[in-house]
Amino acid sequence: MCRLCAGPVRQWVDLGRQPASNAFLRPEQLDSETFFRLAVGICADCTMVQQLEAMPTGSMFRADYPYRSSTSSGLRRHFQDVARTLRATELAGPGDLVVEIGSNDGVLLRALHADGVRHLGIDPSAEAAAAAAADGANVRVGFFDEQSAAAIAATEGRAKVIFSANTISHVARIDTIFRGVDLLLAADGAFIFEDRYVSDIVEFGYFDQIYDEHFYLFAVRSVAAMVARFGFELVDAQRIPIHGGSLRYTVTRRGARERRASVARLLDEEARYGVAEYETYLRFGRQIDRVGSDLVALLTDLRDAGRRVVGYGATSKSATVTNYFGIGPALVPFICDTTPEKQGRLSPGAHIPVRPYEAFAEPYPDYALLFAWNHAAEIMAKEHRFVAQGGRWILYVPHVRIV
Ligand code: TMP
Ligand code: ZN
């Protein structure tokens, strides 16, 4: 049953038993993993793409949640841009408040703080929030919902902007978010959020964007229907080149602003592409299984030929790839990653060791399986020496290939 409209949800893929994608384990935690069934469907009524079962929120977003937005120079630049855009388009002066839902290590808050913008971040990950606070940003530890929104409104007043990147789709009970936004947002304020675009995920074969945290996969059509249920209106949607293809949605109180032409244009594109059609997703599901058999065959051949393969980027996406296709340390002996919080741990479910990124060059492997394909440009530029001395990248979206 659809979490938004109670309509029937038709399943189009079952990616099997999966762990919490960011639950990187210390060796002594091997027995305490939480798993769920990662199956995805589309609502026949409101067209929202969603998981059929939800990983418990407490298993996903713990105090020691290890993801850090600031590790990518591309993301740092992106959020500096967001800060500039908000100042130019939404904020009248330094007194206007920006609240960020899911502020992680403060990659956006730092930029707002540097510009003298009144801001407050809220995030359930105490360690990430502490990193933001250490840089001078204002943060509260917790989930955004009616209670925390009311508490923020009571001490800080209404927010001119509520911003969120790659967070609200994580919340199965998304009504709690919208009720909070309703309590906190100024009458003429904007709720602006960014998230991966399901249309790009399907078109470009980014199947590993499906993991526990991405409970909903948004499209313009489904988001417009969703926000309308809570008394809001989608007034703008813009493509942004983040995580392989995302959209930035601008939502206001109903009737507060005119809807921009971008919304109708994207709705048209979606209709032509079939983003609301069950068949579109069934085809996509078949493509995932082809990638799996090709990738396992390639890794097995390389191992049998005595080649060394290393994983690059211990992404949350890689949980789906390794656990659904059954890729463990026998095929990929370790994954290197720049995030200190992940190093020395085992990847969730598949239990592949995560090592510091320096381990990549000690010595270079023959092949690197690029799990962090969304940072390909940044990583390939940085690792030119790997290729210069004969190394090759293995990519698997939209299909398996060596470059
Ligand atoms: P993401 O795809 O969810 O943004 O995660 C990217 C992961 O890849 C994250 O754990 C950091 C890691 N990473 C590297 O190890 N080296 C890099 O150069 C970049 C950009 C990311
Ligand atoms: Zn629905």
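**Salt bridges and the ligand site**

Arg 87 has a relative accessible area of 38% and is therefore classed as partly exposed, because that class spans the values between the buried limit of under 20% and the exposed limit of over 50%. This value, like those that follow, is computed from a predicted model.

Side chains of opposite charge can pair when their charged atoms come close. Arg 87 makes such a salt bridge with Asp 115, and the closest N and O atoms of the two are 2.7 Å apart. Since Arg 87 belongs to helix H2 (residues 73–89), while Asp 115 sits in the loop between helix H3 (107–114) and strand E5 (118–123), the pair ties together parts that are 28 residues apart in sequence. Asp 115, with 36% relative accessibility, also counts as partly exposed.

A further pair is formed by Arg 140 and Glu 156, whose salt bridge has its closest N and O atoms 3.5 Å apart. Here distant parts of the chain are linked, with Arg 140 in strand E6 (residues 139–141) and Glu 156 in helix H5 (residues 146–156), 16 residues apart. Both partners are partly exposed, Arg 140 having a relative accessible area of 26% and Glu 156 one of 28%.

The salt bridge between Arg 260 and Asp 236 brings the closest N and O atoms to 3.3 Å. Asp 236 is part of strand E10 (residues 232–240) and Arg 260 lies in the loop between strand E11 (246–253) and helix H9 (261–273), so this pair ties together parts that are 24 residues apart in sequence. At 9% relative accessibility, Asp 236 counts as buried. Elsewhere, salt bridges with shared partners join Glu 146, Arg 173, Asp 175 and Arg 179 into one network. The structure as a whole holds 21 salt bridges.

We turn now to the ligand. Around ligand 1 there are 18 residues, of which Lys 317, Asp 337, Lys 342, His 375 and Lys 382 come nearest, and this shell divides into 5 nonpolar, 8 polar and 5 charged residues. Helix H12 (residues 376–382) supplies the largest share of the shell, with 3 residues.

Note on methods: Residues are numbered from 1 along each chain as its sequence is written. Chains are lettered from A and ligands numbered from 1 in the order in which they are written. This is a predicted model: local features need pLDDT of at least 70, side-chain atom pairs count only at pLDDT 80 or more; totals for chains, interfaces and linings use all residues. Side-chain values use heavy atoms; hydrogens and water are left out. A residue is near a molecule or strand if one of its heavy atoms lies within 4 Å of it. Helices (H or I, at least four residues) and strands (E, at least two) are DSSP runs, numbered from the N terminus. Ala, Val, Leu, Ile, Met, Phe, Trp, Tyr, Cys and Pro count as nonpolar, Asp, Glu, Lys and Arg as charged, and the others, Gly among them, as polar. A salt bridge is a side-chain nitrogen of Lys or Arg within 4 Å of a carboxyl oxygen of Asp or Glu. Buried means under 20% relative accessible area, exposed over 50%, partly exposed in between (1.4 Å probe, protein chains only).
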